[in-house]
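Have the model open while you read.

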Amino acid sequence: HISILIAARNEAHTITRCLQAIEQLHYPKEKIEVLIGDDASTDATRAIIDDFIQDKPNYRCISINSAMGLAKGKANVLAQLSRLATSDYFFYTDADIAVPPQWVTAMLASLDPGTGVVTGTTTIAGKSLFARLQAMDWVYALGLMQVLTDLGLPVSTMGNNMLLTRQAYEATGGYEQIRFSVTEDVAIFNQVIKRGFGFRNLFHNSVLAFSEPAATLPDLLRQRRRWMRGSMHLPFYMVLILVLHAAYYPVWLPFFVHTSFAIMMGVFALKLLLQSIYLRICLKRLHLPLPSWWLYFLFELYLVFTSVLLILFFFMPSGVSWKGRKY
């Protein structure tokens, strides 16, 4: 028996896709309970959910009208859903995510004794150029995370593709006992690890979920700014990798001023080659289509452009805006 927990706020355009994917899971329906928290949606989210689940007794939609403990926003929804869950295995995903049919069985199969949290892999769906670049970005970043977890180093989890055991969750006191963070998944992962539970990160197509892409550049920047705030709670070795990666051009460009054009292009070509080979290995491991050669070059330009904008955007004197709320 397992529980699937979904926080939904103004997801009228994506929630049906999410629920249809859950209906296609290769797992006995009588052993699945699906708890959906409607977080004061102002669009048609609740009506769409109610229509979808009306003939499905294992689904429940709960209106979230109050706060629990220290939790706010999505963390508050998940805190309340977790208290309503009746199983020993909590599967978390988002309303804009489509999980694969083998999701539950593959995540459960990776649970060793003492493991408290299991994380799947998520990337972006969509055929537009902007969506494809975002997908490459996700695979690249999660591939870096996988390298560290394969070495036995805990990094983080993703709340859109996560399994927590009840034992691990309750050991933390739940979301309502954890200091609020705009990245609630990072916060609870750190608490689970602190209490001595093990972790597993799975980089495989059996747990590969697909998220909707950020529709516009401002949407992408708001999403990444929230993630950057959460990165302050990552282990120092992951922060070091992210800082070194982001600092590549700010450090190397002044250096190039004092050297030859040939050396500058040689270093750039080597970086691009190694980065492209690594990304290609990650895509093949996930059984994802391999992009044309020119898209690897365009991906490098995308990284440069978004990195510079994010650094500027991150230090702007304003809070994090997410799902119509500011934190």
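1. A definition to begin with: a crossover is right-handed if, with the strands pointing away from the viewer, the path from the first strand over the helix to the second runs clockwise. Helices (H or I, at least four residues) and strands (E, at least two) are DSSP runs, numbered from the N terminus. With that in hand, E2, H2 and E3 form a right-handed β-α-β unit.

2. Some housekeeping. This is a predicted model, where local features need pLDDT of at least 70 and side-chain atom pairs count only at pLDDT 80 or more, while totals for chains, interfaces and linings use all residues. Residues are numbered from 1 along each chain as its sequence is written, and side-chain values use heavy atoms, with hydrogens and water left out.

3. Now the seven-stranded sheet. It is open, has mixed pairing, and its strand order is E3-E2-E1-E4-E8-E6-E9; two strands pair if DSSP finds at least two bridges between them. At the edges sit E3 (59-63) and E9 (198-201), each pairing on one side only. From one strand to the next, the twist averages 20 degrees.

4. Two pairings in that sheet are worth a look. E2 and E3 run parallel and are joined by five bridges, and Val-34 has Tyr-59 in E3 as its bridge partner. E6 (residues 115-119) and E8 (residues 161-165), on the other hand, pair in the antiparallel sense over three bridges. There, Val-118 has Leu-163 in E8 as its bridge partner. Helix H2 (residues 45-53) packs on the sheet and touches E1 (2-8), E2 (32-38) and E3. Contact here means heavy atoms within 4.5 Å. The direction of H2 makes about 155 degrees with that of E3; axes are lines fitted to C-alpha atoms, for helices over the stretch in contact, and angles run from 0 to 180 degrees between N-to-C directions.

5. Helix H7 (residues 184-194) also belongs with this sheet: H7 lies across E6, E8 and E9, and runs at about 150 degrees to E6.

6. There is a three-stranded sheet too, open and with mixed pairing, in the order E5-E10-E7. E5 (97-98) and E7 (121-124) are at its edges with a single partner strand each, so one side of each has no neighbour in the sheet. E7 runs parallel to E10 (residues 208-211), and four bridges join them. Thr-121 stands opposite Leu-208 in E10. H5 packs on this sheet, touching E7 and E10, with its direction at about 160 degrees to that of E7.

7. How do H5 (residues 129-150) and H11 cross? Their axes come within 9 Å and cross at roughly 85 degrees. H5 is therefore roughly perpendicular to H11 (angles under 35 degrees count as roughly parallel, over 145 as roughly antiparallel, 65 to 115 as roughly perpendicular and the rest as oblique). Among the residues that meet are Met-136, Tyr-140 and Leu-144 in H5 and Tyr-278, Leu-279 and Cys-282 in H11. By class, this contact has nine nonpolar, two polar and two charged residues. In that scheme Ala, Val, Leu, Ile, Met, Phe, Trp, Tyr, Cys and Pro count as nonpolar, Asp, Glu, Lys and Arg as charged, and the others, Gly among them, as polar.

8. H11 (residues 261-285) has another partner, H10 (residues 248-257): the two pack at an angle of about 155 degrees with axes 10 Å apart. That angle is why H10 is roughly antiparallel to H11. The contact is made by Tyr-248, Tyr-249, Trp-252 and Phe-256 of H10 together with Met-264, Val-267, Phe-268 and Lys-271 of H11. Seven of these contact residues are nonpolar, none is polar and one is charged.

9. Last, H1 (residues 15-23) and H2: their axes come within 10 Å and cross at roughly 25 degrees, so H1 is roughly parallel to H2. Ile-15, Thr-16, Leu-19, Gln-20 and Glu-23 of H1 make the contact with Ile-48, Ile-49 and Phe-52 of H2. The contact divides into five nonpolar, two polar and one charged residue.
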